[in-house]
Amino acid sequence: MGVCQSQTQIRKSLRKKQLQIVSEQTIQEKVKRNDSVPRHKTMPSINCYSKDKLVSCKTINSSKIKKKVYGEALAKFYSVLNSQYGYKNNDNTRLVQHNVTGVVRVARNIQKPEEQDDDFDLQITNLQEQTYTSLHFANIIELYQDSKSYYAIQEYCSGGLLSDLCGQIKEEEAIYIISQILDILEQIHKQDNCHGNLSIQSFALHDQTNNHYIKLIDILPIFQVKEKSKFNEIQKADRQAVGLILFQLITNKPITPQTIDMIIKRPRDLPTKTEWYQLVLLLLESKSFIIYEQVLQNKQYREIVQRQEARYVETIINKSVKKTSYIQQKILIIMNSIFFKERQLQLEKIFQKNDENRNGTLSKEELQVALGIEEDIDDLFENMDCDGNGEIDLDEFILHSCDRKALITDFNLEATFKELQRKGFITASNFSRLTNCDEEKIENCLIEFCNSKKMNQEQLKKLMMDLL
């Protein structure tokens, strides 16, 4: 990605990369034809339409737009929930719920300029082309438009704004949060983009647990630098913003134009010899891209981040659960990926980080490091090692993080059956498209449990309810 294109080039690019138009009416008709299981308003969708790509829907002429922020282009597909649940102090965001799937999202209004604006066109193009893979990035899922506005649909982070934690968390917790922000920023900068308006208000906590897992929600300012001479300057401002965020999290002091100079002078009333203060200085004074490598080379920083990740994993790994058959394992993995996808992605990242030899498994020693526990883990390891091969693979690692009580419910089982079944029954071949599996083993499990090579909905419920 480089400098700003000409107006003509932008228009050509927009035409070439025009988003796929998906009719929501078609989706609704498809759902009706498939005789869908009724969805509770707050449950996620099994078939997430346009999950990995944006959708542009040109709808309704401007005379029918009812509101400045939410007109017919959005209202046709989403209902606005009580506005007090949106991100506070931002009049251009609302919490919305999909009229068909019931999934809850955040909708952001981006008003179109009254006259042709190349910068605005480029911003919309950037939104369409974003390819950030960081788990800490609240991606845009859909993009709607009418004659006056674009409506960007984003993931909803229910834990509140990061600023709510200022002065209330420990040093190690704050550094762990900063490690996630640096992960995001490195990806943005590697694509020759910048943010340019980064602040503590740009981030939200993913959920209401105390795992301090954050996401960048303020993604609209991300842009390409038109003047290469300003590129390093703006990237430096992004890095300094991260240092100021860490300073705010620890001290709860307001940020002013004089704050950076004050911090660099190392006043006596601040703990300048602490690890967090040294990290703040490194971010404020850094002049090059190698800042990311410099931070990662710091042994104490790595140990802090690892401890925090391990603390999170240890809280969700079930140390004592009922043994599962092969088919139960595969169904749990499928259900987890449908209903707890975000949690699964976090676990995958931690698994991969601790798989030092990159062989796709964790040894007993690697598992002990991942969980951050000192005591003997022989019993836990044996319980997690479902196939008894002396190593823990990713499925086994995720399997023992499942909140079975939350996962195995009547609604979830009905929805899972609908996802797996073909012509009213589940067979071994139905599993392969959703997870890696040995069909012969699944078929043997079906014969043992059902006295048949296929399973109906009631049998699925009984099979899985036995795990509670």
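**Exercises on a predicted model**

Arg266 lies in the loop between helix 7 (259–264) and helix 8 (275–285); helices (H or I, at least four residues) and strands (E, at least two) are DSSP runs, numbered from the N terminus. The model is predicted, with local features requiring pLDDT of at least 70 and side-chain atom pairs pLDDT 80 or more, while totals for chains, interfaces and linings use all residues. Residues are numbered from 1 along each chain as its sequence is written, and side-chain values rest on heavy atoms, without hydrogens or water.

**Exercise 1.** Describe the backbone and the exposure of Arg266 and Arg358.

*Solution.* 
- Step 1. Most residues other than glycine have a negative phi.
- Step 2. Arg266 has a positive phi, near 55°, although this residue is not glycine. Arg358 likewise has a positive phi, near 55°.
- Step 3. Arg358 is placed in the loop between helix 12 and strand 10 (361–362).
- Step 4. Buried means under 20% relative accessible area, exposed over 50%, and partly exposed in between (1.4 Å probe, protein chains only). With a relative accessible area of 41%, Arg266 is partly exposed. The value for Arg358 is 59%, and this residue is therefore exposed.

**Exercise 2.** Locate Val369 and describe its spatial relation to Ala310.

*Solution.* 
- Step 1. Val369 belongs to helix 13 (residues 364–371).
- Step 2. Its relative accessible area is 39%, so Val369 is partly exposed.
- Step 3. Val369 and Ala310 are 59 residues apart along the chain, yet 7.5 Å separates their C-alpha atoms.

**Exercise 3.** Characterise the aromatic pairs and the charges placed over rings.

*Solution.* 
- Step 1. Rings of Phe, Tyr and Trp (its six-membered ring) pair if their centres lie within 6.5 Å; planes under 30 degrees apart count as stacked, over 60 as edge-to-face and the rest as tilted. The structure contains 6 aromatic pairs.
- Step 2. One of them joins Trp276 and Tyr277, with 5.4 Å between the centres and 70° between the planes, an edge-to-face arrangement. Trp276 and Tyr277 are both buried.
- Step 3. Phe77, Tyr78 and Tyr144 are linked into a cluster by ring pairs.
- Step 4. A charge sits over a ring if NZ of Lys or CZ of Arg is within 6 Å of the ring centre and within 35 degrees of the ring normal. Lys112 is placed over the face of Tyr150, 4.9 Å from the ring centre.
- Step 5. Lys441 is placed over the face of Tyr326, at 5.2 Å from the ring centre.
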